[in-house]
Amino acid sequence: MGQENVNPEDVHQDVDRYSLRSVLLVPATAEQAFAVFTGSLADWWVREYTWSGPAALAELGMEPRAGGMLYEIGPYGFRGDWGRVLTWDPPRRLVFTWQLGPDRLPVPDPARASEVEVLFLPDDSGQTRIELEHRHFDRHGEAAEGYRAALTAGWHELLGRYLATLTRTAPDPR
């Protein structure tokens, strides 16, 4: 997919029936980790995971505020919103709705959307522990467990790419 990845064992995952928890330690401050996660989405997101696809994707982003949208802009300026930011608390916490269903179609009703929470927890070495929980898959209906399984693999790849991007761009905090 054109971007380097890191050792798959750098991302640790635990799953429950309707939730997924991923943890990784990144060589950056919480401020740097938050900035790359939220402001450089296009640098680490898998373009094949977008509606537009790699050839037509023009922009991928997150509006930096509570109430802001996660979005992509594709061919001819078409905009697709993936979710809404619920909590914007840099550099500590980010929560957003995941308003894409198992069929990759938009889920306009936030009550039927799952939710992603990301914590950026500094440690004593100057690195940051990232804890990402994608929860409430039950809101996606009958396909919830299969969707959670698919996104377990998806988040593993995404977070590996996020770590590789962060490692390339952030100065070593130690």
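Biologist: Which residue in strand 8 stands opposite F120?

Modeller: In this predicted model, F120 stands opposite I130 of strand 8.

Biologist: How do you know that strand 7 and strand 8 pair?

Modeller: Two strands count as paired if at least two bridges are found between them. Strand 7 (residues 114-122) and strand 8 (residues 128-135) are joined by eight bridges and run antiparallel, so they meet that definition.

Biologist: What makes strand 1 and strand 3 edge strands?

Modeller: Eight strands form an open sheet in the order 1-2-8-7-6-5-4-3, with antiparallel pairing. Strand 1 (12-16) and strand 3 (59-62) each pair on one side only, and neighbouring strands of this sheet are turned by 15° against each other on average, with direction ignored.

Biologist: Which strands does helix 4 touch where it packs on the sheet?

Modeller: Helix 4 touches strand 1, strand 2, strand 6, strand 7 and strand 8, where contact means heavy atoms within 4.5 Å. The direction of helix 4 makes about 15° with that of strand 2, whereas helix 1 (residues 30-39) runs at about 150° to strand 7.

Biologist: What does helix 4 give to the lining of the largest pocket?

Modeller: Helix 4 (residues 144-169) gives the most, with four residues. The lining has 15 residues, and Y49, W98, R104, Y147 and L151 lie nearest the pocket's centre; the lining divides into 10 nonpolar, three polar and two charged residues, around a volume of about 260 Å³.

Definitions and conventions: Residues are numbered from 1 along each chain as its sequence is written. This is a predicted model: local features need pLDDT of at least 70, side-chain atom pairs count only at pLDDT 80 or more; totals for chains, interfaces and linings use all residues. Side-chain values use heavy atoms; hydrogens and water are left out. On a 1 Å grid over the protein atoms alone, a cavity is a set of points where a 1.4 Å probe fits but cannot get out, and a pocket is an open set with protein on both sides within 12 Å along at least five of seven lines; lining residues have an atom within 4 Å of a point. Grid points are joined across faces, edges and corners, and a volume is the space filled by probe spheres set on the points. Helices (H or I, at least four residues) and strands (E, at least two) are DSSP runs, numbered from the N terminus. Ala, Val, Leu, Ile, Met, Phe, Trp, Tyr, Cys and Pro count as nonpolar, Asp, Glu, Lys and Arg as charged, and the others, Gly among them, as polar. Axes are lines fitted to C-alpha atoms, for helices over the stretch in contact, and angles run from 0 to 180 degrees between N-to-C directions.
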